[in-house]
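Grab a pencil and keep the viewer open while you work. Try each exercise yourself before you read the worked solution.

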Amino acid sequence: MKKLSIRLLCLLFLATGSAWSQESPQLQLPRVTLSAGMHLIQAQVAATPQERAVGLMFRKDMPVNEGMLFAFEQPSEQCFWMKNTLLPLTAAFVSDDGTIVNLADMQPQSLASHCSTKPVRFVLEMNKGWFDKRGLKAGSKLSGPPFTR
């Protein structure tokens with residue numbers, strides 16, 4: 001039983017190790033243009049478990065209207081933290097139709113967990129304050145290819 005536990009622990013480390021060993025930002029992910037009313041967003045799309053695990057870690061800056069859209073296979077409660085993330089961010093937890101369910105301001109390099117209040121498939125991270133400065137809040141709608149089914 002002890003050998004099995006050690007093997008499982010080793011497999012878990014190997015499966016997640018590459019995400020934690022990367023120490024440079026991922027800048028080459030596919031991009032999508034989203035809109036929030038008249039505001040355009042250029043979002044990198046993190047769609048695989050590896051891409052989502054790294055997210056915006058190690059980024060030292062991000063243009064004002066740029067962000068990262070985390071796309072999951074199915075709606076569920078999504079929780080985010082900021083390990084190895086150097087920028088203060090706001091996470092918008094977004095339903096399939098583009099409605100912002102809730103927003104969470106997140107501090108750099110924190111292990112505090114920020115979760116959706118309902119099951120969602122999408123989370124859009126932008127520079128902290130981006131949504132607030134544009135009057136966007138829970139109930140506001142985003143539009144773009146991910147939200148048109």
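The protein has three helices and eight strands (both are DSSP runs numbered from the N terminus, helices being H or I with at least four residues and strands E with at least two). Before you start: this is a predicted model, where local features need pLDDT of at least 70, side-chain atom pairs count only at pLDDT 80 or more, and totals for chains, interfaces and linings use all residues. Residues are numbered from 1 along each chain as its sequence is written, and side-chain values use heavy atoms, with hydrogens and water left out.

**Exercise 1. Get an overview of the model.**

Work out the order of the elements, the confidence, and how much of the protein is buried.

Step 1. Check the confidence. The mean pLDDT (the predictor's confidence in each residue, from 0 to 100) is 88, and 85% of the residues reach 70 or more. Residues 1-20 are another story: their pLDDT is below 50, and beyond near neighbours in sequence this stretch has eight contacts in the model (a contact means heavy atoms within 4.5 Å).

Step 2. Look at the inside. Of the 149 residues, 46% count as buried (buried is under 20% relative accessible area, exposed is over 50%, and partly exposed is in between, with a 1.4 Å probe and protein chains only).

Step 3. See who touches whom. Among contacts with a separation of 6 or more, 70% come from residues 24 or more positions apart.

**Exercise 2. Track down the disulfide.**

Which cysteines form the disulfide, and which parts of the chain does the pair link?

Step 1. Count first: there is one disulfide in the structure (a pair of cysteine sulfur atoms within 2.5 Å).

Step 2. Name the partners. They are C79 and C115, with sulfur atoms 2.0 Å apart.

Step 3. C79 sits in strand β4 (residues 79-80) and C115 in strand β7 (residues 114-115), so the pair links distant parts of the chain, 36 residues apart.

Step 4. Find the handedness. The torsion about the S-S bond of C79 and C115 is about 110°, so this disulfide is right-handed.

Step 5. Check the cover. C79 is partly exposed because its relative accessibility is 39%, and C115 is partly exposed too, at 27%.

**Exercise 3. Follow strands β5 and β8.**

How many residues of β5 are buried, and which strands pair with β5 and β8?

Step 1. Start with β5 (residues 89-94). Six of its six residues are buried, so β5 is largely enclosed by the rest of the structure.

Step 2. Sort the side chains. In a regular strand they alternate between the two faces of the sheet. Here L89, A91 and F93 point one way from β5, while T90, A92 and V94 point the other way, and all are buried.

Step 3. Find the partners of β5. β5 runs antiparallel to β8, joined to it by six bridges (strands pair if DSSP finds at least two bridges between them). In this pairing A91 stands opposite E125 and L89 opposite N127. β5 also pairs with strand β6 (residues 100-106), again antiparallel over six bridges, and there T90 faces D105.

Step 4. Inspect the hairpin. Five residues lie between β5 and β6, and G98 takes a positive phi near 95° in this hairpin.

Step 5. Move on to β8 (residues 120-127), where eight of eight residues are buried. Strand β3 (residues 66-76) pairs with β8 in the antiparallel sense over six bridges, with A71 opposite F122.

**Exercise 4. Zoom in on Q44.**

Is Q44 buried or exposed, and what does its side chain make a polar contact with?

Step 1. Locate Q44 in strand β2 (residues 39-46).

Step 2. Q44 counts as buried because its relative accessibility is 0%.

Step 3. Look for polar partners. The side chain of Q44 makes a polar contact with the side chain of R59 at 3.2 Å. A polar atom of the Q44 side chain also lies 3.2 Å from the backbone oxygen of L27. (A polar contact is a pair of N or O atoms within 3.5 Å; within protein, one must be able to donate a hydrogen and the other to accept it, and residues adjacent in sequence count only if both atoms are side-chain atoms.)

Step 4. List the neighbours. Leaving aside those within four places in sequence, Q44 contacts several residues, including Q26, L29, L56 and M68.
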